[in-house]
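Here are my notes on the model, point by point. Please read them with the structure open.

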Amino acid sequence: MEVKASKMQCEFCGKRPASVHFTEIVNNKKSEHHVCEKCAEERGYGAPLLKSKFSVGDLLAGMVDQAGVGEEAKVGRVQCPKCHLVYSSFKETGRLGCSECYTTFRAQLRPLLRRIHGSTKHVGKTPVRDAARVALRREIQGLHEDLQRAIEHEEFEAAARLRDEIRVIEAKGGLASPGGTS
Amino acid sequence: MLSELAQELAQHLGRWLDGSGPSSEIVLSTRVRLARNLKDLPFTHRAREEQLSMIYSSVVTTVRKTPALQRAVALPMRELTPLDRQFLVERHLISNDLADNGRVRGLLVLPDESVSAMVNEEDHLRLQGLASGFQLRSAWESVNAIDDELGQDLDYAFNEDLGYLTACPTNAGTGMRASVLIHLPALVLTKQIGRVLQGITQVGLAVRGFYGEGSQIMGNFFQISNQTTLGQSERETIESLERVTRQIIDYEQRARDELLKDARLQIEDKIWRAYGGLRYSRVISSQEVVNLTSAVRFGVALQLDGLPSVRTLNELLIRTQPAHVQLSAGREMDQRDRNTMRADYVRRILEGGAADAADSN
């Protein structure tokens, strides 16, 4: 915290240290700005600027500054149960060990992903296999609800038909799901 | 030694280089790549040799079953000489990273180079579509269709929240990197390029050199690509890159108009001298070919009469790179020999190009 005094102050709030530096060109006039991250974000300079810093090393270094030293050491020792990668090794290489790491280091990765991408939510395509699985899951779920309703209304013939239908679909799903690939 | 395919590649020119695509005189090529990993296996750098072999063979098996990739040829890196690998790097088909590493890795590629896949690079699968000129949407659509076909067999690491899971979090989500290789000589000459590049990075796009990540800017070529892969669908990413590219083309066009208004004669003189340099030199480095070709390409865009076609210029750019020259000659050569041989090739390609032009007239 003492370091603050030697650093440049944010030109907007005058309190926090300036960590975002940029040149603005308006009507061919160049001006330099030094602001803190909070003010940068509030004034709409945030998103594109943060997006333009993309070195994982820089991003991680930035995050280390935010966390306390003790806390940082603890986080560094967190290990993925599947591939045994420790978080500190990810910080050095910028590479995760396996897809499970995304779950293991979820808490650490979220702010990082937000900084890199400005978002933590995938809105793109879904793999065909997963899409099929999701659709199948939803279909079976729907039939289960129908079955429940049929039973409640004592429509046993319909219930039996629905039960058979569910069995058929589940069997089909079993064939469609993983197995015979590699 | 090079497989038949690589020999075919050395003799032909990929479809992405044929100059037939939209705005080919400004945008050399469009590339869309998707990063994919297989479920339940460690990412490449943490995988054991036998896991890498398994990944390699399951990708090859799936590719063999995919109708659109029937003609794909598999090139395991271990079976290639360093020269072959460098050739594939120069051809924009593999990364330096894939070329350098001695582990179980490989390239699958269609003979026309429109679709290729690196196996066991940073991610298990890096699917790439290359197209001529400026055509982001169609490049995306063809890679997307192939990704869907492969995805019926290959179980991709995916989660509903974070999308496709990749070794580096910078690719997580869509796993897509779309880019255009764009030629901006007038923006460089008029010194406006810095401002344009700054603007590009501020809208969340990245600028790189001729061979992509970590490479140098050469011959006024810039690779512009999306930077983010979460929070935006593939189509939105493609559309925003398309919009920005259109705008850059527009800036470049305006800078060209300005230049011509002020200094038409000087510009034309520069272009013709560059052409003369290519046509008549006897010793030439690849860097010099790139620079001179850049000036001539500018002349083609200005519709100066008597210059070679965009296709011929692309051919010059690609075929005169060090590994290309050596493979065409059928032997390894030191730099001095290469520079002499290169001058020879350049003349021959230009004479061929001139003959093409004469034929079509």
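1. A definition comes first: two strands count as paired if DSSP finds at least two bridges between them. Keep in mind that this is a predicted model.

2. Start with strand β5 of chain B, residues 125–132. Eight of its eight residues are buried. B:Leu125, B:Leu127, B:Gly129 and B:Ala131 point one way from β5(B). B:Arg126, B:Gln128, B:Leu130 and B:Ser132 point the other way. Both sets are buried.

3. On to the partners of β5(B). Strand β4(B), residues 115–119, pairs with β5(B) in the antiparallel sense over five bridges. Here B:Met118 stands opposite B:Arg126. The hairpin of β4(B) and β5(B) has five residues between the strands. In that hairpin, B:Asn120 takes a positive phi near 65°.

4. Strand β1(B), residues 27–36, also runs antiparallel to β5(B), joined by eight bridges. B:Val32 has B:Gly129 of β5(B) as its bridge partner.

5. Next, helix α9(B), residues 286–301. Its 16 residues reach 22 Å from first C-alpha to last, close to the 22 Å expected at 1.5 Å a residue. Its buried residues include B:Leu292, B:Val296, B:Arg297 and B:Phe298. Just after α9(B), B:Gln303 has a positive phi of about 60°.

6. Last, the interface. Chain B puts 43 residues in contact with 35 residues of chain A. On the chain B side, α2, α5, β6 and α7 each supply at least two residues. The largest share, four residues, comes from α5(B). That side divides into 16 nonpolar, 19 polar and eight charged residues.

Technical notes. Residues are numbered from 1 along each chain as its sequence is written. Chains are lettered from A and ligands numbered from 1 in the order in which they are written. This is a predicted model: local features need pLDDT of at least 70, side-chain atom pairs count only at pLDDT 80 or more; totals for chains, interfaces and linings use all residues. Two residues are in contact if their C-beta atoms, placed from the backbone, lie within 7 Å. Ala, Val, Leu, Ile, Met, Phe, Trp, Tyr, Cys and Pro count as nonpolar, Asp, Glu, Lys and Arg as charged, and the others, Gly among them, as polar. The expected span of a helix is 1.5 Å times one less than its number of residues. A residue is buried if 20 or more other C-beta atoms lie within 10 Å of its own, exposed if 12 or fewer, and partly exposed in between; C-beta atoms are placed from the backbone.
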